[in-house]
Amino acid sequence: MPEKQPDSELEKEQEAGVEPDEARAESRLLNIGVSPHIRDSSTTAGIMGWVIVALLPITAYGIYMGGVSAAIVVAMSILGAVATEAVIQRLRHEPVTVNDLSAVLTGLLLGLTLPPELPFWMPLLGGIVAIALGKQVFGGLGHNIFNPALVGRAVLFVSYSKYMTTSYLFSPKAPVFASQSIKSINAITTATPLAAQGLVRKDELTVAASRYYGPLLVGNPWGCIGEVSAVLILVGLAILLYKGLVDWRIPVCYVGTVVVLSWILGMDPLFAALAGGLLFGACFMATDYVTNPMTAWGKVIFAVGCGIVTTVLRFYSNLPEGVMFAILLMNGFTPLIDRYVKPVPYGVRAMRRAQAAAEAEQAGEAA
Amino acid sequence: MGWADNLKRSLLVKGGVHPPASKLAAGVKISDGPKPKRVLIPLSQHVGAACEPLVEKGDRVLLGQKIGDSDSYISAPVHSSVSGEVTSIQRFPHPSGRDVLTVEISSDGEDAPAPGLGPAPDPLSMEPGEIRRRVREGGIVGLGGAVFPTHVKLSPPSDRPIEAVIVNGAECEPFLTGDYRLMLERGQDIIHGARIIRRAVGAERIIIAIEQTGPKAIAAMREAVPDDGIEVFILPGIYPQGAEKTLVKTVLGREVPSGGLPMDVGAIVDNVGTCAAISELFLTGMPLTRRIVTVAGDGVAGRANLEVRIGTVVREVIDFCGGLSGDPGKVILGGPMMGLAQYTMDVPVTKATGGILVFKKGSVFCEEPGHFSCIRCGRCVRRCPMNLRPYLLGSYSDAGMWDHLEDLYINDCMECGSCAYICPTKNPLVQLIKVGKEGFNRRKRKMEALAEKASEEAEEKENAGKTA
């Protein structure tokens, strides 16, 4: 039986002639938020957290290979990124959202794309620049055009290129920088006598390149911290794909384009895929939500564009490696791609067909 | 059903989400709802024009008596669900959130039926026009939630031949089980109603579409189906399969044109509840005065599928099911994906009320963030069953940039809530899109009025020039 007596309530209402105040008072108790009233459990922090988890194997191995200095580089870039995010959000009188982990992820990504032996202030500066210039000047999370971690890296790269590449080349621990080895491969091709054509040249190249397969796959001693092992990068990618966090089209089309173009241009395709920052960039940098297109075909265009630019920079520029600038360049094209590559909504094709038919009919009648 | 059929179906289905089904009341038989001492019958319970009251304060009304009607084509009359005395006609809280003109009737408990209500002779050989007239007089509207007047659906223009009647038994909203129970218990009524509809529109096929998540309902309907052009179609268990346009695409493989109706592609879609109501109307003559309401949620003591008289106050239905348990956070009429949260429990059950869900504070999503914080993950674009771009609709609506919303086909959004459900930043996308629709349509009307005025002025000028 109902606890309340509907009769007495009814009578009161009838006497008053209007709906009872009680009804209005209840509005203070009941939430009237708009539908849907249930949401799935995903959160921004959850997504960022899983990307960080996907990066953990490669981070751990990178630090193991690079030693204490590598750990300092990663820690400093995370510190720089998180502190900058907090300070700027405080200055802008916004809620501080460092616990959504996006700044942590930016710092980690930056750290992993730096060589293991840098003065401690350099990754710190990189982290600051990544968040301040890469993200917050555009309005914070979701509003930036360029990948913040790559913005940080690019600034360090052009400001301290000696540290970022050459010093590293002479470091006793890491005798050859991965992208330099690409150059050396190129040198082999040019040095190969033109008389020895076709097979001979190809064989020689394959022999030279395949020497690097093993180290590149499992323990590359001359890359950046995050480039020490292609296998662990792919493990990270597998985690991201399993959790449905990235679109497979980007890494596949990016690496695929580079492989095909490099093969056409005469480089060992597998070497082209494994060397330098390509795998890391394709799996973790180009897949950044904010800075790549929203639609499936947009993503394909973006990734193929990244692949073309990377190959062009590798073969025809003074830069040792093209991944960073390729992704940054294509980031710039993302708004344009999103403007022109868009899904056709349900029923719009049918509507256009119907309109065309009606017009044709009208034209027929007029004739 | 082989894997090839499954593959074909899954290729036709675009987007959608998988909210937990939570069909708590699936095992509870349909039973009679409370016998209210007072009913509040709103004069607007459907899409289209509101009715004018046909009774006055103090009048005695009978069960099934028409108490409100309208001259508009897109409208349906309302009927008394009790016999008794009209105590007032005034504005009362309505599930839509507005106050709506409502006939308040105090019941005498006798349920004396109105005269002249009786079974129709042989509806399956009746003239289509007569079927439509009776359906309209019976106040039948779509009971799936959209409450579109059914007689309008049953009147396709002559250049739109109807090939198939799709009976919608998808019930993809979580928690709601009324249609499911109806299919288990009253399969014959549903099929009888569907045949009447088929007769009215001159279709050949009847396709009963049921989600694969309800195997018992599929079995029950298969058993009830005699072999005369009636088929059972199994839908994938994806929300929102029960939405009219999505359903037409999955079942027939055709897209309803943007801005059009299923009749444009030779289909008419009616909910199983609507079919059963039509069947009852023709078998007993009783107009739509009751509907099946699922009561569930952790904020209410019981769970039930009740046949509730329209106009019963929600609070009374909740009390009938054992009352509240704990502090209520949200009271939702309809399902959790598209239902309306109520500010009071003193609203009446209307023809649109498929469910009364009560959730405790803390067990339901209540907070909305203060700002639009998209991280461009693209899930809303992938999951939108209409293939729209909800993140753009949301951000343009948020910024008040109404003129950008046309190219995004904002009016094609059916507010199914898949985008907001899946959004990791918990953006209130449906809220923003509702605001955007309002702003966009207001602006469009204004621009059209301005254009008309301008062309009139130009004409006047021209005429003035001629006379001079």
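Visitor: Which helix of chain B does Glu460(B) lie in?
Guide: Glu460(B) lies in helix H13, residues 429–467. Helices here are DSSP runs (H or I, at least four residues), numbered from the N terminus. This is a predicted model: local features need pLDDT of at least 70, side-chain atom pairs count only at pLDDT 80 or more, and totals for chains, interfaces and linings use all residues. Residues are numbered from 1 along each chain as its sequence is written, chains are lettered from A, and side-chain values use heavy atoms, leaving out hydrogens and water.

Visitor: Why does Glu460(B) count as exposed?
Guide: Its relative accessibility is 57%. Exposed means over 50%, buried under 20%, partly exposed in between (1.4 Å probe, protein chains only). So Glu460(B) counts as exposed.

Visitor: What makes Tyr61(A) and Tyr64(A) a stacked pair?
Guide: Their ring centres are 6.1 Å apart, with 20 degrees between the planes. Rings of Phe, Tyr and Trp (its six-membered ring) pair if their centres lie within 6.5 Å; planes under 30 degrees apart count as stacked, over 60 as edge-to-face, the rest as tilted. So this pair is stacked.

Visitor: Why is the pair of Phe315(A) and Tyr316(A) called tilted?
Guide: The angle between the planes is 45 degrees, at 6.3 Å centre to centre.

Visitor: How do you know whether Phe315(A) is buried or exposed?
Guide: Its relative accessible area is 16%, so Phe315(A) is buried. Tyr316(A), at 60%, is exposed.

Notes
Helix = DSSP H or I, 4+ residues; strand = E, 2+ residues; numbered from the N terminus.
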